[in-house]
Each structure stands twice: as C-alpha cells, then as structure tokens.
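Here is a friendly note to read with the model open beside you.

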Amino acid sequence: MFYLIQLLNGVQYGLLLFLLASGLTLIFGIMGVMNLAHGSFYMIGAYLAYWLVKITGGLWLAIPLGLAIALIIGLALEQTFFSRLYKRDHLYQVLLTFGLILIFEELRSILFGDDVHGVAVPALLDFSIPLTDTLSYPVYRLFLTGVCLMLAGAMVLVIRKTRLGMMIRAGSSNREMAASLGVNIPLLFALVFAFGTALAAFAGMVAAPISSVFPGMGNQILIICFVVVVIGGIGSIYGAMIASLAIGLADTLGKVLAPELSGIAIYLLMAVILLWRPQGLANKA
Amino acid sequence: MPNISLSRTALLSGVLLLAAFPLTGATFYIQLGAKIMIMAIFALSLDLLVGHTGLVSLGHAAYFGLAAYVLALISPKYEAASLWLTLPMAMIAAATAALIIGFLVLRTTGVYFIMVTLAFAQMLYAVFHDTKLGGGSDGIYIYVRPDATIAGIKPVDLENPVQFYYFVLVVMIAVYCLLSKALHAPFGRALAGIKINESRMRSLGYPVFTYKLGAFVFAGALAGIAGYLAASQFGFVNPEILAWHHSGTVLMMVILGGMGKLHGPLIGAFAYVLLQDFFSASSVFGAYAKHWQLAMGGLIVLIVLVLPHGLADLFERVAHLNERRDANLAGEE
C-alpha cells in the first residue's frame, strides 16, 4: 500500500513535469530557442496563484485569471525579447534568458519577499481517501493527476488532429519549408511560445497547494525539465511524456529507497541514456 | 594588423597597473582585486571552450567548485596544507571530473550540450548539497590558507593579503600565457578549425572528439586553479559555488568582455565584478541595493541585444575610429 502511494505520487509528479517539459521541448523543437526562463513561468504561476487566491478567495477563480495574465506576459516577452533571438546563436539565448531569470527572481523578491508561502487546497477537494488504518491519499493529488492527464491528451489531440497541430509539426520538422508553403511563422511562434509559458504557469498554479510557493522553485524544476527533454529527445511530445514519467517515478521512488542518493538518481539515468542514445529516446539518430 | 601592437601596449599597461595597485589601495580593494583576478582566471578557462572551441558549457562552475571542495576536504583543520601538494590535487580532481563528464556530454551538440553540461554540474551540486561529504548545504570552513613552503624556503606568504594578491596576479598571467601558447600551437589551431567547421575537420582526419575532450579537460583543470584560489581566499566553500548561477555568471563575464579573444574574459571579469559591486552599493541604491541582481539581469539582457561582441570589441572599434581619424588628419596635412 505504501508503494502504491509512492507510485501515485511518482505518476503525479511526472505528469506535472510533462506540463513543463512539453512546452520547453516544443519551444526548442519549433522555434530553436533555448529558454532558461521557462522555469520562471512555473514560479510566476505559483506566485500568481498565491496572490490571486488571496484576492479572489479561491483557486477556481485564481486559475483562469492567472492563465490570462501568464498568456499576456508570455506574448509580451515573445514580442519584445524572444522574437529577436530566433536567428541568434544559442549562447545569446542562454544569456538573455539567464538575465530574465535574475530579473524575475528579484521582482519576485521585491513584490512577495523571500518567505515560503502556502496556498490552500480548494475546499471541494480538501479531503483524503483512506487506504488502510494509517495511510490515506489526498484527493487533490488525484485531481491534479486527472487534470494533467486531460491536458496531455488534449495536447496530443491538438498536435495530431488539428490544422494548428499540422502547422506545429511542419514547423518543427522544417521551419523554412513550412514558411515557404505559406505558414505564418511569426504568428505560429508567438502562439507556441505563449501557449508553452501558459502551460508552465498553469503547472505552477496547480502545484502551489502541494509544493508550497518558495524562492528558486522555478530553477529547481527547470533543470529537471532539461533532463526530461534530453532523455526524451528535443521536439518530441511523446519522448517528453515517457521521460517525464520515468523521471517522476525515479525521483519519487529514489527518495523513498535511497534518500541520500535521490538527488543524483535522475542524472545517472540521463548519463545512461546519453551513452545509449545521445539523441534522446524518441528521436532517430 | 595595427591592433596587435595596440592591444599589447594595453595589456602591458594593464599588468603594470595591476602590479602597482596594492601600493595605493586599502586592504579591502586589494582583496577585491584578487577576487576579480580569480574570476578572470575562471573566465579565461571557460572562454577556451566557448570562444575558441565553440562549446557553450553552462556547467563550468562544477570544476571550479570541485577543486575548491578538494582543498577544503584535504586541508587539516587547524594547520596549513602544502600548496605544492594540494593545488595539483585540486587540479587533478577537476580535470578528472571534466574527463568523465566531458566523455558523456561531448556525445551531444548544440542545445543538448548546453542542457547536459548544466545537468551534470547540478548533479555535483546535489552530491555536495544532499550528502554529508562536504558538510551539506552549510559548507566547510578552511581556517588556514595553504602554505607555500618548499624545500625550507617560503617564497610567498598567502596569509598576507598583498602577497596573496601578487600570487594570484602571477598565476593569472601564467594562465594567460599558457592559453596563448596553446591557442597558437597546432592544438589551438585544430580547436579553431573545429569551431568553424567540425565536419570538415573530421574529414581532414582530425580526431575531433579527442580534441574537444582535450579542451574540456584543460579548461576544467584551469577552472580548478581558480576554484582553489577562491577557496583559499575566502576560507569557505559551500554548494553554491558549484551551482548553475555561478556557471551563468562566468559565462556572462566571457560575453561581456568579448569571447574568442584572450583579453576579453579579463575585461569581462573586471567589468562584471565592479558593476556588481556598484549595483550592490547601498550608498547609491539605498534599500534596493540588495536587489542588485535586477540591475545585473537588465544589463545582461541589454548586452545581448546591443553589444553581443562584448567590451573588447567595443574598445577595438573605438580605437579603430581614432586611428582612422588620425590617418585622415595626417592625410589632410
């Protein structure tokens, strides 16, 4: 029973990682942009949730409002900074987004301080399912798993079945060709970027009641997302899915079985994948 | 190229300025100067990868931090460790880590390489942060600086701030000259070729992977020197010196100064640390001084957008303008 709980936690963490990593991998794959600030949107989402819950009184109103704000921030950043980086070397993308991280972190510090904050679980979901006499599982985590699964499913549907998805896939496999066939690349880029950042912010908002809201939370998860993207293969949604779940489970089980080594487990997994398939699980050499 | 003589004069006068600096400065500024030169060594080592080989490593702090930890771990608690024993050990540790990590990360290119270097550096961070090996997140103190006594003679007393300053200056110049020699040797020319066109170098028969790994290990060992010196100066190590924030900072120094030129990282390190000092001066910014990273972040964004080739390039262009103006004036006369 104990392991069932850990398994559920692992899947839930993995799906949360997927929300972040899918945006990251699409932004890499389609736009060719290395976005270190992706983790900052996770942090921004969590702080938006904290702030909006205080104002509106509940997560149900805070999430749509926060999503709207995150979309606007994403679009504004794409227009002002990222659109200038598409043709530049990765090095400059790294630096500019590194600069953005510093700015976001300090703004966070000025606006919200450096304390750890909590966000209340919505009353509707604030109970646990008893499993044995002593162990129980919080419903909010199950809800979170369900939402992430639905979003992942919706994303796969959009990418496989819709016109927008066709354009995204076309842009991902050959940007120039897609552009010359009449795909509006600047618009597509803006959409993908804003969508990716909103997804990251959403992940931050729904994770806030579980993980609490703290400084540096974005950077911590960003690096794990990098590991996910490296294992899955850049630009691949499926790879991101498999890798997210693998990392989620490895990290959660690692914390249970060997707490001292758990911080290292996921990197060792990455090292093995690098030796075996340097291009990632889902990409062909 | 008229620039060579120009930059050589500039370099020489820079060295003379640095050598004369302790005669005037207060202890605080002498220590600041030593700190800047240590960061300059670190930036020089990263530029070997970024500017000369085309490998954008975002995990270079790992080798710096590892060497610092080696000094902290092998120093006896209340006695001085021997410089001649611990410095090579720290460098070997950093180089070995770079060899193992390099073997893995050099299997990837481009964006993957950036992410993977970052991830492995973060792994080392996790090792020192989560386990008791290096005192966990609290770090370790080094109470006594290394002792430079060799064969009964003590050429330099590192406990003395001024002597420490000169020691760092000498090391920095040595690293600079070593890199300059290496870059003009066939090894460095091959790296330059790899940076410009890797597949062509491969088809010419160069063992590209071995060259890249060589550069990676060399850069790791040099970063180790900087880490060792930093640990001796501050007498303290904690996991933050391995963290990606530190890797990002040193990358910023390289770009700010101008990558691919040996004097670029030197200028970058000086400019960065001085700017950081300025932005965090509460006499200027008051209560906002503790949010100096905001200004630093803005500056980084600005540099990327308007000055991608760094200060060294800017200086050169200004010098060129002057030359041209002088030439025009001479022509008119």
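The points below go through each chain, then the contact between the chains and a few single residues.

1. **What you are looking at.** Please keep in mind that this is a predicted model. Chain A comes to 11 helices and 2 strands, and chain B has 14 helices and 2 strands. If you walk along the sequence of chain A, the elements come in the pattern α-α-α-α-β-β-α-α-α-α-α-α-α.

2. **Overall form of chain A.** Along the principal axes, its C-alpha atoms fill a box of roughly 65 × 45 × 35 Å. Of the 285 residues in chain A, 49% are buried. Among contacts in chain A with a separation of 6 or more, 75% come from residues 24 or more positions apart.

3. **Overall form of chain B.** For 333 residues, a compact globule would have a radius of gyration near 20 Å, and the 21 Å of chain B agrees with this. The box filled by the C-alpha atoms of chain B is roughly 70 × 55 × 50 Å along the principal axes. Buried residues make up 47% of the 333 residues of chain B. Looking at contacts in chain B between residues at least 6 apart in sequence, you will find that 76% join residues at least 24 apart.

4. **The nonpolar core.** Which residues touch the most other members of the largest nonpolar core? Among its 209 residues, they are A:Val227, B:Ala67, B:Ala94 and B:Ala119. As background, nonpolar side chains tend to be buried together in soluble globular proteins.

5. **Where the chains touch.** The contact takes 37 residues from chain B and 35 residues from chain A. On the chain B side, α5 (110-130), α10 (244-257) and α13 (292-306) each supply at least two residues. Which of the elements of chain B gives the most to this side? It is α5(B), with 14 residues. By kind, the residues on the chain B side divide into 26 nonpolar, 9 polar and 2 charged.

6. Now find helix α7 (residues 186-196) of chain B, where B:Ala190, B:Leu191 and B:Ile194 are buried. Why do these residues lie on the same side of α7(B)? They cover an arc of only 100 degrees around the axis, which puts them on the same side. An α-helix has 3.6 residues a turn, so residues three or four places apart point the same way. On the other side of α7(B), B:Arg189 and B:Ile196 are exposed. The cover over the buried residues of α7(B) includes α8 (198-203) and α9 (208-234) of chain B.

7. **A helix in chain A.** Helix α10 (residues 237-257) of chain A has 21 residues and reaches 30 Å from its first C-alpha to its last, close to the 30 Å expected at 1.5 Å a residue. Its buried residues include A:Ile237, A:Met241, A:Ile247 and A:Asp251. The buried residues of α10(A) pack against α1 (2-31), α5 (139-161), α9 (217-232) and α11 (262-276) of chain A.

8. **A backbone angle to check.** A:Ser212 has a positive phi of about 65 degrees although it is not a glycine. You can find A:Ser212 in the loop between α8 (185-211) and α9 of chain A. With 14 other C-beta atoms within 10 Å, A:Ser212 is partly exposed.

9. B:Arg317 has its place in helix α14 (residues 310-332). Why does B:Arg317 count as exposed? It has 11 other C-beta atoms within 10 Å, and 12 or fewer make a residue exposed. B:Val170 lies in helix α6 (residues 161-184) of chain B and counts as partly exposed, with 13 C-beta neighbours inside 10 Å. The C-alpha atoms of B:Val170 and B:Phe28 are separated by 20 Å, and these residues are 142 residues apart along the chain.

Terms used: Residues are numbered from 1 along each chain as its sequence is written. Chains are lettered from A and ligands numbered from 1 in the order in which they are written. This is a predicted model: local features need pLDDT of at least 70, side-chain atom pairs count only at pLDDT 80 or more; totals for chains, interfaces and linings use all residues. A nonpolar core is a set of buried Ala, Val, Leu, Ile, Met, Phe, Trp, Tyr and Cys residues joined through C-beta atoms within 7 Å. A residue is buried if 20 or more other C-beta atoms lie within 10 Å of its own, exposed if 12 or fewer, and partly exposed in between; C-beta atoms are placed from the backbone. Two residues are in contact if their C-beta atoms, placed from the backbone, lie within 7 Å. Helices (H or I, at least four residues) and strands (E, at least two) are DSSP runs, numbered from the N terminus. Ala, Val, Leu, Ile, Met, Phe, Trp, Tyr, Cys and Pro count as nonpolar, Asp, Glu, Lys and Arg as charged, and the others, Gly among them, as polar. The arc is that of the directions from the helix axis to the C-beta atoms. The radius of gyration is taken over C-alpha atoms; the globule rule is 2.2 Å times the number of residues to the power 0.38. The expected span of a helix is 1.5 Å times one less than its number of residues.
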